[in-house]
Amino acid sequence: MIGLYCPGDSLLHRLPAGVKLALLLTSIVAMTVFVRTPLGIAVVAVVVAGLFALARISWRVALAQVRPVLWMTVIIAVFQLLTTSVERAVVVCGVLVLSVVLAALVTVTTRVTAMLDALTRALGPLRRVGVDPDRVGVLLALAIRCVPLLAGIVHDVAQARRARGVSWSATALVTPVLVRALRTADAMGEALAARGVDDD
């Protein structure tokens, strides 16, 4: 769901991207430092649900944001239960899930271009130490674009294998995915070089 934007005119949609990113960072740090009990997790969860309602984001879209981290959350929960306590497991997993959901809320209410522009402006002062904010913005844009692109390649290869009736094999899946990903990366690199992105 990276890069998904749900158009709207809510207050959250109208907030500047830089403000939303700053609030996101502040909220995650605050949760990590101050939320220490399952009750605190429940309170934050209610607030986050209210923010999604304020942004008029459907519950299906909201739940889809959590799906990619479910397996990781389960593994972390098991580890926490084995090494600490139920309360600690709820807090750790709750902070993780709520952080992802808050980040997703920013994503679905902010255009990617607006976020990249805000990050580029924020990195402006680093020009003095040799950092090129424009190049960092291009790298972030490519990273965001490549995640769904790679997911599409994996999906296409899996569909082709099923259509041919090939039995499941990690090698049969990974090899064509790797080949197609490298070809796509080469084509993307040539396109960027042709547009002068690699020029000093």
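Analyst: The model is predicted, and its mean pLDDT is 82, with 88% of the residues reaching 70 or more. The secondary structure comprises 9 helices and 0 strands. Of the 200 residues in the chain, 26% are buried. Among contacts between residues at least 6 apart in sequence, 71% join residues at least 24 apart. The chain exposes about 13,000 Å², of which carbon and sulfur atoms supply 69%.

The part in question is the loop between α3 (38-54) and α4 (59-66), where R56 is found. Most residues other than glycine have a negative phi. R56 has a positive phi, near 55°, although this residue is not glycine. R56 counts as exposed because its relative accessibility is 58%, over the 50% cut-off.

Side chains of opposite charge can pair when their charged atoms come close. The side chain of R56 forms a salt bridge with that of D9, at 2.6 Å from N to O. This pair links distant parts of the chain, for D9 belongs to the segment before α1 (11-14) and stands 47 residues from R56. D9, like R56, is exposed.

The structure holds 2 salt bridges. The other joins the side chains of R180 and D156, at 3.7 Å from N to O. R180 lies in α9 (residues 170-194) and D156 in α8 (residues 133-164), so this pair ties together parts that are 24 residues apart in sequence. R180 counts as partly exposed because its relative accessibility is 34%, and D156 is also partly exposed, with a relative accessible area of 38%.

I57 is one of three residues, with V48 and F52, that touch the most other members of the largest nonpolar core, a set of 24 residues. Helices α2, α3, α4 and α6 (86-109) each supply at least two residues of this core, and α6 gives the most, with 8. Leaving aside neighbours within four places in sequence, I57 is in contact with C6, H13, F52, A62, V108 and T109. In soluble globular proteins, nonpolar side chains tend to be buried together.

L25, V29, V33 and F34 make a nonpolar surface patch of about 430 Å². F34 lies in helix α2 (residues 17-34), and F34 counts as exposed because its relative accessibility is 67%.

Q80 is placed in helix α5 (residues 70-83). Q80 is buried because its relative accessible area is 13%, under the 20% cut-off. Apart from neighbours within four places in sequence, the contacts of Q80 are S85, R88, A89 and V92.

Technical notes:
Residues numbered from 1 in each chain as written. Predicted model: local features only at pLDDT ≥ 70, side-chain atom pairs only at ≥ 80, totals over all residues. Heavy atoms only, no water. Helix = DSSP H or I, 4+ residues; strand = E, 2+ residues; numbered from the N terminus. Buried < 20%, exposed > 50% of the residue type's maximum accessible area, 1.4 Å probe, protein only. Patch = residues over 30% accessible without salt bridge, like charges linked within 9 Å, V, L, I, M, F, W, Y side chains within 5 Å. Areas by Shrake-Rupley, 256 points an atom, 1.4 Å probe, with all protein chains shown as cover. Salt bridge = Lys/Arg side-chain N within 4 Å of Asp/Glu carboxyl O. Core = buried A, V, L, I, M, F, W, Y, C linked by side-chain atoms within 4.5 Å. Contact = heavy atoms within 4.5 Å. pLDDT = per-residue confidence, 0-100.
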